[in-house]
Amino acid sequence: DGCGVLVQKKGGGGLKLGGPRGGGGSRLLLPNRSEGEGGGSGEDDDEVLASLQQLLLTGKRQEACTLAVSKKMWIHALLLASTESRQAYSSVLARYALQNFQSGQPLQSLYLLLAKQPSQIFANISPGGAEG
């Protein structure tokens, strides 16, 4: 749709989607990791971000979201899912909660409630109190 997105971080790093002003083509400005941000190996993350950008530039938001989930890039996955549908967002949020928190942790419970999946809160807890 021609709309570019720029996420600016301290130090001028960021991810830019869309072409630079006055020029054709697109350019990827990678996040500034010098401030202790980023989770995986830098080169792998850079390749995934480039793939996400390419998918988004070709209008493939759902595929971009699927890639972000598979690479556990939850910020990207949640943002992209929120542009698809409430069901997509709820699904990604529930998956995030289940993969990143132990059963019974308050944040996991909150996120599962927000994802409208309260039945998942106690799904992995056996009657004796141990996880199963």
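Buried means under 20% relative accessible area, exposed means over 50%, and partly exposed is whatever falls in between (1.4 Å probe, protein chains only). Keep that handy for the tour.

What you have open is a predicted model, where local features need pLDDT of at least 70, side-chain atom pairs count only at pLDDT 80 or more, and totals for chains, interfaces and linings use all residues. Residues are numbered from 1 along each chain as its sequence is written, and side-chain values use heavy atoms, with hydrogens and water left out.

**Stop 1: helix 2**

Select residues 61-70, which make up helix 2. Helices here are DSSP runs (H or I, at least four residues), and strands are E runs of at least two, numbered from the N terminus. Color A64, C65, L67, A68 and V69: these are the buried residues of helix 2.

**Stop 2: K72**

Phi of K72 is near 60 degrees, a positive value in a residue other than glycine. Is K72 buried or exposed? Its relative accessible area is 54%, so K72 is exposed.

**Stop 3: helices 4 and 5**

Select residues 86-100 for helix 4 and 106-114 for helix 5. They pack at an angle of about 165 degrees, with their axes 8 Å apart. Axes are lines fitted to C-alpha atoms, for helices over the stretch in contact, and angles run from 0 to 180 degrees between N-to-C directions. Helix 4 and helix 5 are therefore roughly antiparallel (over 145 degrees; under 35 is roughly parallel, 65 to 115 roughly perpendicular, the rest oblique).

Show side chains next. From helix 4, R86, L93, A94, Y96, A97 and L98 meet Q108, Y111, L112 and L114 of helix 5, where contact means heavy atoms within 4.5 Å.

**Stop 4: the aromatic cluster**

Select W74, Y96, F101 and Y111, which ring pairs link into a cluster. Rings of Phe, Tyr and Trp (its six-membered ring) pair if their centres lie within 6.5 Å; planes under 30 degrees apart count as stacked, over 60 as edge-to-face and the rest as tilted. How many aromatic pairs does a search of the whole structure find? Four.

**Stop 5**

Back in helix 5, pick S109. At 15% relative accessibility, S109 is buried, and it touches G104 and I121, leaving aside residues up to four places away in sequence.

Finish at K116, in the segment after helix 5. K116 is not a glycine, yet its phi is positive, about 60 degrees. With 61% relative accessibility, K116 counts as exposed.
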